[in-house]
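Look at how two chains of this assembly meet. The text below walks across that interface.

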Protein chains: 4
Amino acid sequence: MTFSSKSGSGSIDVAVFGAGRIGRIHAGNLARHPGAKIKYVIDVNRAAAAELAAQYGATVVEAEAALADASVGASVICSSTDTHADLIERSAAAGKHIFCEKPVDLELERARACARAVEQAGVVCMIGFQRRFDPTFAAVKARIEAGEIGTPEMLVVTSRDPGAPPVEYIRRSGGIFKDMLIHDFDIFRWILDDEALTVHANGSCLTDPAIFDAGDVDSTAVTIRTKRGRLCQINTTRRAAYGYDQRFEVLGSGGMLQAGNVRPTEVVAYTANAVSSDVPEAFFLERYRAAYANEIAHFFDAVTQGARVRTTIADGVKALELAEAATRSWREGRVINIGE
Amino acid sequence: MTFSSKSGSGSIDVAVFGAGRIGRIHAGNLARHPGAKIKYVIDVNRAAAAELAAQYGATVVEAEAALADASVGASVICSSTDTHADLIERSAAAGKHIFCEKPVDLELERARACARAVEQAGVVCMIGFQRRFDPTFAAVKARIEAGEIGTPEMLVVTSRDPGAPPVEYIRRSGGIFKDMLIHDFDIFRWILDDEALTVHANGSCLTDPAIFDAGDVDSTAVTIRTKRGRLCQINTTRRAAYGYDQRFEVLGSGGMLQAGNVRPTEVVAYTANAVSSDVPEAFFLERYRAAYANEIAHFFDAVTQGARVRTTIADGVKALELAEAATRSWREGRVINIGE
Amino acid sequence: MTFSSKSGSGSIDVAVFGAGRIGRIHAGNLARHPGAKIKYVIDVNRAAAAELAAQYGATVVEAEAALADASVGASVICSSTDTHADLIERSAAAGKHIFCEKPVDLELERARACARAVEQAGVVCMIGFQRRFDPTFAAVKARIEAGEIGTPEMLVVTSRDPGAPPVEYIRRSGGIFKDMLIHDFDIFRWILDDEALTVHANGSCLTDPAIFDAGDVDSTAVTIRTKRGRLCQINTTRRAAYGYDQRFEVLGSGGMLQAGNVRPTEVVAYTANAVSSDVPEAFFLERYRAAYANEIAHFFDAVTQGARVRTTIADGVKALELAEAATRSWREGRVINIGE
Amino acid sequence: MTFSSKSGSGSIDVAVFGAGRIGRIHAGNLARHPGAKIKYVIDVNRAAAAELAAQYGATVVEAEAALADASVGASVICSSTDTHADLIERSAAAGKHIFCEKPVDLELERARACARAVEQAGVVCMIGFQRRFDPTFAAVKARIEAGEIGTPEMLVVTSRDPGAPPVEYIRRSGGIFKDMLIHDFDIFRWILDDEALTVHANGSCLTDPAIFDAGDVDSTAVTIRTKRGRLCQINTTRRAAYGYDQRFEVLGSGGMLQAGNVRPTEVVAYTANAVSSDVPEAFFLERYRAAYANEIAHFFDAVTQGARVRTTIADGVKALELAEAATRSWREGRVINIGE
């Protein structure tokens with residue numbers, strides 16, 4: 001399972017919303033496609049917008065101007081979460097194809113409205129679940145589909161961050177289930193190719209009382225049962241002392257596939273007390289470097305060649321539904337039936 | 001963390017109840033201790049009893065006779081589950097020290113009665129949770145206690161059998177939670193050094209409909225929250241196509257410790273399509289070979305030297321409480337508060 | 001130990017000699033540096049030259065014209081081995097900085113003459129020993145220098161190709177020691193930071209009799225003793241059925257460091273008979289992808305910022321001396337004293 | 001490839017020569033066979049002999065008495081190297097089967113005389129090359145024979161001790177090639193199933209000048225070419241800071257098999273700076289625990305059931321020939337043709 005990170009043909013002019021860390025990553029990956037031109041950069045931080053624009057020969061404008069320019073074929077939305085829904089709807093209305101970072105919105109109803117807007121406009125809308133484009137994760141998916149382990153029966157996801165974001169961020173994040181586990185919920189749906197019937201979530205605040213004071217938890221244990229009776233367990237923490245830990249394993253009727261961490265180097269050291277290798281890549285920018293490049297290549301191919309996108313706005317809505325159910329399960333201390 | 005599998009001093013005469021597979025293992029390990037003499041073998045299957053007795057110069061008798069012999073210092077109970085409680089109580093009444101395979105009994109009240117009988121008799125009663133004596137698992141425990149990963153916060157247990165026992169066995173087993181996960185519940189209590197506050201269990205029958213017809217499941221996903229707010233997830237299946245899979249990992253505030261599978265050899269093969277190593281040891285007799293030897297050495301030391309046993313009848317009762325709670329959680333589809 | 005694969009400042013116009021596979025790799029990596037402009041492409045295969053030139057907005061010219069253009073700051077020599085020495089000397093005479101693929105030349109005297117020409121011209125001349133820029137190999141070097149394993153004492157290098165090149169190529173290659181092991185000889189000098197005192201090489205033709213008929217071998221076992229008494233063993237084959245195998249390990253007074261292979265993904269599969277992971281990256285273009293990018297970034301930095309290059313023409317000459325000594329040792333069946 | 005460490009039938013009375021560390025290991029393993037009776041223990045150290053004899057109900061006698069007792073079926077020779085040849089010859093003359101620790105003798109001619117004596121007497125004589133009985137090594141051999149990697153072409157052996165023995169021992173050891181590499185020479189012959197044509201050995205004294213003063217080296221690099229043109233490299237050191245390192249890998253026309261180290265536990269620790277596992281088993285008694293048990297079981301089976309032994313005195317002589325050739329190669333700085 002490999003992705004080309006450089007596509008051949010087609011061309012499109014792009015408006016990039018958000019010149020922060022992830023905006024710069026996406027812009028850099030877009031620029032590697034000869035047919036992709038970053039025409040506009042939009043950010044309330046004008047200095048950041050100007051710096052990113054300068055790097056790729058783009059112009060800094062307001063959102064209105066970018067969306068009004070008929071030559072712009074796509075919006076790449078990397079701005080703050082509270083702007084996503086608005087930009088999706090306006091981009092759809094303007095007939096632009098859309099790439100939007102997760103989540104669609106923190107409110108399920110608003111996210112669903114966005115999905116309807118996209119559908120009505122008939123534009124491509126891809127949500128940034130980049131993990132599906134990670135070479136290791138994508139290889140597991142392909143090998144399951146090739147029948148290597150028979151019918152998938154259980155999924156165990158380990159998803160641990162190296163450290164919590166500032167409490168100020170957590171307060172506005174929608175909570176750990178919408179902010180962090182939303183990726184794991186998408187992995188669950190993608191890998192098991194099934195939908196949740198029930199969700200049980202437990203959460204605890206073990207690393208920092210300030211997170212508790214902000215109304216959130218930093219450690220979670222989630223169990224999902226699918227409509228076909230399959231089981232999934234997800235364990236997460238905001239703080240793993242050894243770094244960013246991103247693994248899952250799928251047990252099937254004929255075997256198991258594990259997706260492991262990526263290490264910076266393949267050095268192994270033998271000393272008096274231990275045989276040791278590198279800790280995993282530090283955080284998501286390093287761990288998913290290839291995934292981000294593959295994801296944007298996929299988007300570029302989709303919008304220039306009319307292909308279907310692997311991660312649609314419907315996937316964004318479904319992941320959010322699971323995040324909401326998990327949040328309720330944790331708050332109410334009970335199992336939630338999806339659709340109840 | 002190592003165990004001697006051969007102890008030095010002391011001597012004791014032993015009555016072995018049950019001459020089946022596990023009885024033969026324990027007898028063989030006992031016989032390696034110069035001070036341990038297998039005096040009697042008791043089994044309803046007289047031929048099996050005779051064969052085992054012949055091997056160690058023991059005599060085949062009825063339980064009454066063995067328990068009436070004042071020279072017998074200990075009962076090693078490896079007979080079928082439905083005889084455990086009775087033999088524990090009678091052995092205690094006769095003043096014999098006791099080693100008993102898990103479970104104490106399938107009924108919690110009866111198990112508690114056994115614990116009271118043991119206490120009143122003042123005898124040693126060790127329950128066969130052999131995993132605590134596995135060199136890898138015991139090393140993890142010792143390293144946690146040495147502070148290597150700070151405060152334990154999460155435990156993820158993977159416990160998968162290579163294949164289900166006959167349905168006839170399953171029908172009388174008390175269900176997967178009492179029969180199979182009881183070991184995992186003991187690992188949970190031992191590793192986290194904490195007690196359960198709530199238990200949630202989901203189960204599914206994915207490998208064989210006959211198990212469903214017998215009123216049981218073959219796949220489970222359990223979440224436990226401890227009194228101190230720690231989280232534990234356990235995933236189990238009756239049938240892993242690649243063999244017996246016995247792993248766990250403990251996330252602490254300062255790092256993580258993983259206990260991995262044991263392989264028959266350290267051969268690695270490189271061929272055109274894969275780099276491959278051995279699958280794990282086939283099943284519990286192979287995987288826990290060292291654990292069984294260490295366990296019996298520990299029991300021998302305890303009864304000859306008066307040491308405390310690592311796995312008491314109280315541990316057996318506690319594990320059973322968790323198994324009952326998990327069974328109820330699965331049946332009722334809800335989170336169970338321990339003690340409710 | 002990390003390298004930036006994209007440097008900040010400085011600019012240079014470059015003439016690329018050779019539009020084959022490796023020429024295209026270097027051109028692509030050069031083009032990622034905003035300050036690097038590929039001005040000319042030179043190749044006897046005009047179609048290949050034209051295609052590469054078109055990709056980067058360069059012009060196809062003859063060597064004379066490129067070297068006569070005073071605006072050209074550097075020659076990147078990726079043409080066939082028999083043109084290296086000539087192009088190095090002419091580039092040096094024209095005052096161009098030089099990046100040249102290994103080997104400098106198949107004849108030691110000619111290679112030494114090139115080194116003198118470079119010295120007299122005062123230009124940078126970097127030889128393409130890209131392995132020194134591999135993240136794993138470079139990390140080992142840095143950790144040795146940091147003292148992690150004390151004094152290095154032994155080096156064991158495993159260097160195996162997935163398959164032999166065409167016999168026609170082998171016939172003109174200078175033999176396996178100059179064509180293939182020259183990289184390993186450079187690794188030896190770099191990692192042990194020492195020079196050879198004696199060389200012993202054994203060779204055998206085990207994979208294809210046509211290689212024997214061409215006067216060469218396909219399997220070698222080399223032992224080098226350094227001036228300080230350290231030992232190095234190198235084993236190589238032209239054909240490893242499982243792919244490209246590039247490992248080494250350094251034993252020091254205080255421990256050992258191993259540099260392992262790189263895998264395409266981190267998937268591990270458990271099936272009935274084996275636990276398996278990916279075979280190593282297929283061949284040098286995949287295995288050393290990052291190394292090639294780092295190498296060219298290093299060259300770009302050196303020529304634009306005046307830094308010293310890590311792999312000089314003197315290194316190219318030294319590696320060739322070892323290749324000659326190994327060839328003689330194999331042919332004459334005896335130990336060769338370097339300098340004899 | 002498995003060995004039973006406990007055989008069923010047959011019986012034999014044994015005289016154990018040497019009550020040191022390895023003598024105690026062999027005695028303990030012998031005693032696990034119901035049919036094996038340790039009748040006599042012989043050692044110049046009478047206290048050690050008495051202690052070992054007491055443990056197994058044996059009698060301490062002089063060699064003469066033991067060999068004169070017609071009921072003794074086998075000599076197990078674990079005494080100091082300078083007594084091996086004499087005890088082999090006397091045991092053969094007395095019609096006893098023989099198990100003898102390596103080496104047969106430090107002098108090749110004497111070893112050959114022993115082989116002739118054994119042949120004339122028609123007794124079994126097994127030499128203690130226990131590595132052939134290691135589960136991992138034996139599995140590699142079996143898988144080669146099953147054709148898993150096609151025709152073996154290259155063998156790379158890594159054989160490193162955790163620390164040098166006392167210089168006083170080294171002085172009488174016959175040198176590193178006869179004392180330490182003799183095991184590796186046996187592995188070479190066994191795994192490649194071929195004989196040496198030429199041997200080249202380099203040696204260096206890098207860990208302790210006292211070893212140099214004793215006329216020996218502590219680090220070696222050996223290359224062997226077989227009669228069929230296959231290549232073997234062996235690297236050894238007397239002191240690896242991380243412990244006892246016993247690995248080899250066999251490259252064949254169809255793949256590669258690696259035999260790796262054995263670890264005390266399967267714990268993996270993740271901390272801020274490294275992912276680490278156990279160092280290998282500490283030294284030969286731990287690393288080859290199973291091998292020693294399997295080896296004695298094999299000897300017991302051979303002498304009680306008339307089977308052929310896997311490691312004959314001819315193997316002992318052949319390994320010694322290689323050790324002599326390697327010693328000469330190192331001393332004379334040249335390649336040695338076997339048989340020259």
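Buried area is the accessible area (1.4 Å probe) that two parts lose on being put together, summed over both. Between chain D and chain B it is about 1800 Å². Carbon and sulfur atoms give 51% of that area. On the side of chain D, the residues that lose the most area to chain B are D:E266, D:V267 and D:Y270, together 31% of what that side buries.

The model is predicted: local features need pLDDT of at least 70, side-chain atom pairs count only at pLDDT 80 or more, and totals for chains, interfaces and linings use all residues. Residues are numbered from 1 along each chain as its sequence is written, chains are lettered from A and ligands numbered from 1 in the order in which they are written, and side-chain values use heavy atoms, with hydrogens and water left out.

Now count residues. Chain D brings 24 residues into contact (heavy atoms within 4.5 Å) with 25 residues of chain B.

Two salt bridges link the chains (a side-chain nitrogen of Lys or Arg within 4 Å of a carboxyl oxygen of Asp or Glu). One of them joins D:R143 to B:D278, with the closest N and O atoms 4.0 Å apart. On chain D, α6 (135-145), β12 (255-259) and β13 (267-270) each supply at least two residues of the side that touches chain B. Helices (H or I, at least four residues) and strands (E, at least two) are DSSP runs, numbered from the N terminus.

In β12(D), D:Q258 is the bridge partner of B:V268.

Terms used
Two strands pair if DSSP finds at least two bridges between them.
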